[in-house]
Amino acid sequence: MGEDGAVTSAPQRPDGPTPSPRLIATDLDGTLLHDDKSVSDRTVAALAAAEEAGIEVFFVTGRPARWMDVVSAHVHGHGLAICANGAAVVDLHAGREFVQVRELPRADALAVVHALRAAAPGSSFAVELTTGIHYEPTYPPFYQDPGATVATAEKLLEEDPTGLAAPALKLLAHHPELAPDAFLTLARAAAGVHGSITRSSPTALLEVSGLGVSKASTLERCCAERGISPAEVVAFGDMPNDIEMLSWAGTSYAMGNAHPDVIAAASARTAANNEDGVAVVIERILADLRS
């Protein structure tokens, strides 16, 4: 996922004093996970040690709930994870049950589709619902979920007069030719009034949530419920969909493989995901607490 030269030396420390952390918020792909999507033994041990020390750990990811098996065994205590860039809070101890959903209104999603069809011809779309993903015939295949409907975005987002249709979590937009950051800039200018637009893929694949929905805003809600302030949060990320979270947290680390905009937003930098950059920082935090 990364887009910058990897950092292999010891992580930087943030400037100035920092309070003892009460919560660690970490992205998954390109951050906690190695490129092969595994969680290293070192990282598993660091997460468990943090929880044992009384520091809550939240996985905060763009992944849908159904792709959380890779870390389900490593969430302790509360069992919660923030998925779909903040559009859902799920309980991994209860079979990925939805605890909170922040829906993307279908009218807003349709407005984004129409704006991008005009501004970036050749765009194709997928719709992530609480029940799974559905996509257009020209949308590039990735994980072909069983039971997915293949139809135009307009058909997929058709209003349900009964009000019983599954809530939409994200709209995904892909372009076969535009550079990823150029597509993001164009989409925000053309359709940003209809949704929160970001990206986490190295390709020109955008993710659209409801207005005001982000990893940061949902994490803020979860922290407020626990009486945890931003100053007591340490966050990790590598891609543009992490920027708001890294800017909100009192202490934040860009991975050594992070996008340049993420590096600029974070208060410090750690080693790359393949070198267990999250674990490196957690180990240091715990050593500081012991001393």
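**Salt bridges in a predicted model**

Reader: How many salt bridges does the count come to?
Author: This is a predicted model, where local features need pLDDT of at least 70, side-chain atom pairs count only at pLDDT 80 or more, and totals for chains, interfaces and linings use all residues. Residues are numbered from 1 along each chain as its sequence is written, and side-chain values use heavy atoms, with hydrogens and water left out. A salt bridge here is a side-chain nitrogen of Lys or Arg within 4 Å of a carboxyl oxygen of Asp or Glu. By that rule, the count is 15.

Reader: Which parts does the salt bridge of lysine 215 and aspartate 27 tie together, and how many residues apart are they in sequence?
Author: The side chains of these two, lysine 215 and aspartate 27, meet with N to O at 3.0 Å. Lysine 215 sits in helix H7 (residues 215-225), and aspartate 27 is in the loop between strand E1 (23-26) and helix H1 (28-32), so the parts tied together are apart in sequence by 188 residues. (Helices, H or I with at least four residues, and strands, E with at least two, are DSSP runs numbered from the N terminus.)

Reader: Is aspartate 27 buried or exposed?
Author: Buried means under 20% relative accessible area, exposed over 50%, and partly exposed in between (1.4 Å probe, protein chains only). Aspartate 27 has a relative accessible area of 4%, so it's buried.

Reader: What does arginine 117 count as: buried, exposed or partly exposed?
Author: Arginine 117 forms a salt bridge with glutamate 136, their closest N and O atoms being 2.5 Å apart. Glutamate 136 is buried at 5% relative accessibility. Arginine 117, at 30%, counts as partly exposed.
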